[in-house]
Amino acid sequence: MFKNYIKTAFRSLLKNKGFTAINVLGLSLGLATCLLIVFYVVDELSYDRYNTKADRIYRVNADIKYGGNSSSYAVSPPPLAATMASNFPEVEKAARLIQATNIQFKKGNENMQENKSVYADNSIFDVFTLPMIEGNPKNALNEPNAIVISESAAKKYFNKTDVVGQYLTLVNGNVNYKVTAVIKDIPTQSHFNYDYFLSRSPQDLKSDTNWNSFAFNTYVLLKPGTDQKAFETKLNALIRQHFGLKNYDKLEKVGNFIKLNLTPLTGIHLKSNRQYELGSNNSITYIYIFSAIALFVLLIACINFMNLSTARSANRAREVGVRKVLGSSRKSLIAQFMAESLLVTLFATIIAVLTAWALLPLFNHMSGKELSISLQTLTWLLPSLIIIIIIVGVLAGSYPAFYLSGFQPIHVLKGKLATGFKGSNFRSFLVVLQFSISIFLIIGTLVIYNQLNYIQHKNLGFDRNQVLVVKNVNVLPNAKTFKNELRQIPGLTNVTVSGFLPTGSLRAPDAVFTSKNVDGKSALFTEIWPVDEDYLSTMGMGIAKGRNFSTQLKTDSSSIIINETAARMMGYYNDPLNKKLYSPQPQGAKTVVKEYNIIGVLKDFNFKSLRDNITPVVMILGNNSDALSVRINSKNLTPFVSKIENTWNKLSPNQHFEYSFMDEDFNNAYKFENRTGTIFMSFTILALVIACLGLFGLAAYAAEQRNREIGIRKVLGANVSALVTMLSKDFIKLVLISIFIATPLAWWAMHQWLQGFAYRQNIQWWVIVSAAFGSIVIAFVTISFQSIKVALANPVDSLRSE
């Protein structure tokens, strides 16, 4: 019997090639889109799950409010890990990581910059799953000047992995680090990905007693059954104890606090966006968005199948009537139609898998991923595809099967079956639902692109164009000599030496005080950036009040420039000049309070993501040489890059020259948003194509069922435009209903998304109008193709049999 169902279904599908092609194409596009998004979502949700103890690993974070500012950090005090491990029975192991900067190793005559380097405790191998190819995880980082490297790093420097006992020479200080272990490369799905784990020196370890410093990414492996909230309570009691209860009470009285909390390891990548993260994280919001798009697109494809199947009711009605007269039960008819649905879904799934596989490289390029279909992928993909075929086949075929099998033979054979587009209210509901989803996606795409365009063109308070940033300038013998050499090159208008850049990651949060007593009431938590006298002109920043630094004035070594936000928070905005600020600074075993004189107020500039409000920044004359920035007065940048590199090589021929452009660094900060916009637009277009395929099929069947009516109307004098209007108006009415349903829902959803940006472009009226007008035009063009074809046909062809 089952074989007969399949054979009959196959013949029926071949008999109606147009119907089959539209359904298979629509379903395959929907399923291919769904598969690509599933690959993306599974990859994002798999971050850090390679760790065998992932469910018990947590990172300790710090939430700090001080001096009027609230900040969230992914770091905690240096002594915390050891204190937890020794004092809390819930803790199985604790480990720390701290980012290593300016790490260069010698490789022959060349110095190699290695940015994927970190200082680590040896217990890192007890907390995380980092399988060793060579070495002993129990003592790999216990000795000074020890280093554990990845498999790729071993091959890079030694062309083999059997390198335990070999040495890597650190350029800075000319220190030899002994390779004590080689680990397998860390999977891509990790919130940190390092190739070099360095032990810390005894001097550094001795300084790990300062509870006021927040510098280490601290991880804790809790014993099974530990309650996270109860453990966080113990952590905050520990902080109060080490700060001193009296001092902490004073802190709280003026509205300040320091609180520690835990983030589960598997939640870091998608649910953490703190300062001093070890890598670029995504947002769970985008996972929800993409998952919703996958369901929407698949739903649109299923609606196509339902609509086209029921629209063909007139064509199948006599078949159903004859079958029932000959004794077929409704149950067997339902089985027959479900077989057709499952067969279409099977063909569509095969095409979808091939399409997804072919589009995977393009999707990887858009999403910044390295997705692939491997044997591991097939272990969950094949069962999932079988489930999808059954669910989609049943979902798409259930309504047509029950609808068609319910025809009464006496009515069908007498020709009393309601035909045409008006024959089913449920079908109209499905069209409304289909276009509501499409219009929702159109509005969402336009809002996202409008916000991205706003980000690209917003006045940030500095000029990021035509600025070249040379990295790691501190490896040169003298950064000032390099700066002076570059100033001799014609076309370079400004040069500044400082690693503290609006588009960079180097930050120095600290407190300054408006009172010499340096108490909590007079504190302002701010960024303190050491810069030189050419910094503001190179960055294109403006002075609101006062003046810039000057090397001609010796007193400027004790001068300070603050931004407008800092001036407002201090209460100095109206009259800030010559006011005093105080900064506690360590000098040996003592702490000395240094006095600064405010000489200028800098116009506010964005140095964080536009998701965040501008916070206080103060600038002092300093000697930070992590980077050098050059403003170039030419659109042809290539010759200048060569000249700057030649100057670099002249001063230090063995040092690697690394640079970037500031506008590219800025764009990289919004790569997730840009990628999201591209993916969102691509899938919206696919959803529209699928919806239009269904509308095209419906229009074709509606026109076919009114073929004789159109012939009579033409004979009686109806023109083409009147016939096209008659055939199109019912569909356009449904699109208009879809617009009224989708618009408020899309506005609400995108308004919620925009709340994540402190600086945003409100939803413009033209976005709604464009989406509405565009959907009407697209629907009308889709319908008109069939309507015009029928309206231009010779009425003789449709009436000759009457």
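The points that follow concern nonpolar packing, aromatic pairs and a surface patch in this predicted model.

1. The largest nonpolar core comprises 109 residues. Within this core, the residues with the most contacts are Trp529, Tyr535, Met541, Phe605 and Met619. Helix 2, spanning residues 17-45, gives the most to the core, with 14 residues. Apart from this core lies another, of 31 residues, which includes Ile239, Ile258, Leu260 and Ala511.

2. The structure holds 26 aromatic pairs. One of them joins Phe500 and Trp529 in a tilted arrangement, with 6.1 Å centre to centre and 35° between the planes. The pair links distant parts of the chain, 29 residues apart: Phe500 is in the loop between strand 15 (492-497) and strand 16 (509-513), and Trp529 is in strand 17 (residues 523-531). Both Phe500 and Trp529 are buried.

3. A single aromatic cluster is formed by Phe125, Phe128, Phe192, Tyr194, Phe197 and Tyr219.

4. On the surface, Trp765, Trp766, Val769, Phe773, Val777 and Val781 form a nonpolar patch, with about 650 Å² of accessible area together. Phe773 belongs to helix 24 (residues 765-791). Why is Phe773 classed as exposed? Its relative accessible area is 58%, and exposed means over 50%.

Note on methods. Residues are numbered from 1 along each chain as its sequence is written. This is a predicted model: local features need pLDDT of at least 70, side-chain atom pairs count only at pLDDT 80 or more; totals for chains, interfaces and linings use all residues. Side-chain values use heavy atoms; hydrogens and water are left out. A nonpolar core is a set of buried Ala, Val, Leu, Ile, Met, Phe, Trp, Tyr and Cys residues joined through side-chain atoms within 4.5 Å. Buried means under 20% relative accessible area, exposed over 50%, partly exposed in between (1.4 Å probe, protein chains only). Helices (H or I, at least four residues) and strands (E, at least two) are DSSP runs, numbered from the N terminus. Patches are made of residues with over 30% relative accessible area and no salt bridge: like charges are joined within 9 Å, nonpolar side chains (Val, Leu, Ile, Met, Phe, Trp, Tyr) within 5 Å. Accessible areas come from the Shrake-Rupley method with a 1.4 Å probe; for residues, only the protein chains shown count as cover. A salt bridge is a side-chain nitrogen of Lys or Arg within 4 Å of a carboxyl oxygen of Asp or Glu. Rings of Phe, Tyr and Trp (its six-membered ring) pair if their centres lie within 6.5 Å; planes under 30 degrees apart count as stacked, over 60 as edge-to-face and the rest as tilted.
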